[in-house]
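Subject: Structure handover

Hello,

Here is the structure I promised to pass on. My notes follow below it.

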Amino acid sequence: MYSPEELRALAEEHPVTEYARRVVSGAFPGQVCKWEILACTRHLDDLKRSGTAEFPYVFDVTRANRIYKHFSLIPRLDVPEQHIELEDWQKFDLGCLMGWVHKDTGRRRFRLGYTRIARGHAKTTLAAGLANYFMLGDAMYPPGQPEYAQFEMQPQINIVAVDRAQGNIARGDIADMARATPAFLTRLSVKNTYIRHKVRGGSVEVFSRDTNNKDGGRPSLIITEEWHAHVNSKVHDVAVSGKGKKRQCLEYIITTAGADAENKPCYRDDCQYKQVLEGNLRQDDVFVMIREIDDDDDPHNKACWAKANPFFRSNGDYARALREEVESQYADAYGMNNENKIREFLIKRMNRWQADSQARYMSMQMMEKWRALAVPGEEFAALVHGRERYLGADLSKKIDLTATGSVWPLADGRFAVDAHGYLPEEGVTAHERSDRVPYRAWIRDGWATATPGSVTDYHAILEDVQRMDATACPVKEFDFDPYQATHLAQDLAAYWTDLYGDAAAQEMVVEIRQGVQTLSEPTKLFRELVMQGRIVHRGNPLLTWCLANAVEVSDDNGNIKLSKKNLMANMRIDAIAAVLNAFVRASQRQEMDINAVIGAEDWGF
């Protein structure tokens, strides 16, 4: 068996690593977006720590080369006498996805692959080729020892589609590829109603809103088609319900951007996986590649188009034909200033999400600004050290997510904010499935707490307050929505009475009325401060997720507040609601402090 050092030496010369180095070193100036650079940097960083106790994965070049060999056997659909030659960026994606394995068992590292790329980049070919690979050649063996390859019996491919017609087209693509490839057809039985291995069996199943979806079975590969077009995750959740029953099941999502971003599960996944690339969220079992034009790119500048369209970096026949098509659509959309066609061009060709909801509290641009305001934990701790916090609370039903939010007014006029979630231990797995966020990872990383049992124990919040009071950032006051929180407020008042006396304790427990008269101005101000760069946070993924979900409602006078009534059940806003409850008081107190300074006798210029 190869040692981790020997495997690392082999990986240093592999096309995956070579491509990553070229991207990171600037070999494609102006042609690679931020996210692709981060994905390549992630691979290089992972190589440095591969095979360690903290990171028990190695890059096995033999596993990456297997997928290359598989695709080299497939004829091109446009030129059947030629076989597929993977582009360097395709080799990186597929080789990275398939080549990282556990250093001892050889079990594949990545259990989910998420790739977002512009239209016209062989998504159908890649998905069909991968499905045939899992039906034919996917194997597990100790790193570097393919002679010990073990193949799974009954390989099952699940296709997640918007509707039955789309799913059947995808299954037909898999069958057509098998029929067109002699090396595949000798080992596969391909009929109109099924595809299976002649020796090991297997099946290709379609899951859609109009098929009879009972359960996900025992999938080896789950391919999600056009994830951006799914309005919810119900069908997907059924298809993936069998994950884990096979030794190295892979969920593979390859999509473009879409419209109505805030209401789509794909966009919420997208935001989460960007945090993985940025290093704010650790998910070592998720491969992420996103290719889009960057935020500050001008779509009229054709030089940046290659960021979303990596085929443009080459000069082959297909690349030239694709560029001509994209340029034609650009001229059609912008030449007539057709708003609908411009949106479609930005979505499909520049791979940029577009928002539709006018009620979204924070636009996509505002969310990008919010993410840019994150600072490392050590810097955040230094900012709030010695400062009292306003602690807000939003207590939901005891079976759902509950949150507290902290706000610290800073001396320079900024506000530092953070949040913490609470949910019952017995409901964590169900909530991960329904909400599609990594609650267990958040609990592990300290962003949330799982309380014992089937309902949230609010006593955990009381214990956390007691711990806060023992630090350099004690609680100045508890600002609460009276719904579900009255008993907790009474417990806190009793606790503070023992410390400070009854009069002081009563001032520390403040009810925040939930009407627009109370919440409108602070809610508007918070958003304005984000855009002004006057909010600072520590990259809390739970708080960021809730903020991205938040929807506002308004009255006839333009007053606003956040609302849970218009949200899907899996779009929770508890953390930002708790922060805003605290911000109501923190913003008032800072204004009072400033007025006190201005009114002092010795104040002046």
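Over how many bridges do strand S3 and strand S11 pair, and in which sense? Strand S3 (residues 112–116) and strand S11 (residues 250–255) are joined by 5 bridges in the parallel sense. Strands pair here if DSSP finds at least two bridges between them. Helices (H or I, at least four residues) and strands (E, at least two) are DSSP runs, numbered from the N terminus.

Some ground rules. This is a predicted model, where local features need pLDDT of at least 70, side-chain atom pairs count only at pLDDT 80 or more, and totals for chains, interfaces and linings use all residues. Residues are numbered from 1 along each chain as its sequence is written, and side-chain values use heavy atoms, with hydrogens and water left out.

Confidence

pLDDT is the predictor's confidence in each residue, from 0 to 100. The protein chain averages 90, and 95% of the residues score at least 70. Residues 592–605 stay under 50. For that stretch the model has 2 contacts beyond four places in sequence; contact means heavy atoms within 4.5 Å. Where pLDDT is low, the predicted coordinates should not be read in detail.

The sheet

S3 and S11 belong to an open sheet of 6 strands, with parallel pairing and the order S9-S6-S10-S11-S3-S12. Strand S9 (203–207) and strand S12 (286–290) stand at the edges. Each has a single partner strand, so one side of each is left without a neighbour in the sheet. The twist averages 15° from one strand to the next.

S11 is largely enclosed by the rest of the structure, because 6 of its 6 residues are buried. Buried means under 20% relative accessible area, exposed over 50%, partly exposed in between (1.4 Å probe, protein chains only). Leu-250, Tyr-252 and Ile-254 point one way from S11. Glu-251, Ile-253 and Thr-255 point the other way.

Helix H6 (residues 123–136) lies across strand S6 (156–160), S9, strand S10 (221–225) and S11. H6 runs at about 165° to S11. Axes are lines fitted to C-alpha atoms, for helices over the stretch in contact, and angles run from 0 to 180 degrees between N-to-C directions.

Elsewhere

Asn-351 sits in the loop between helix H12 (339–348) and helix H13 (364–372). Asn-351 is buried, at 0% relative accessible area. Beyond four places in sequence, its contacts include Arg-116, Thr-256, Arg-291 and Glu-292.

Helix H17 (residues 459–469) has buried residues including Ile-461, Leu-462, Val-465 and Met-468. Among the elements covering the buried residues of H17 are strand S15 (415–424) and helix H18 (486–500).

Cysteines

With a disulfide taken as a pair of cysteine sulfur atoms within 2.5 Å, the count is 0. For Cys-40, the nearest cysteine sulfur is that of Cys-96, 8.2 Å away. The sulfur of Cys-546 is 13 Å from the closest one, in Cys-271, too far for a bond. Cys-40 is buried at 0% relative accessibility, and Cys-546 is buried at 0% too.

Best wishes
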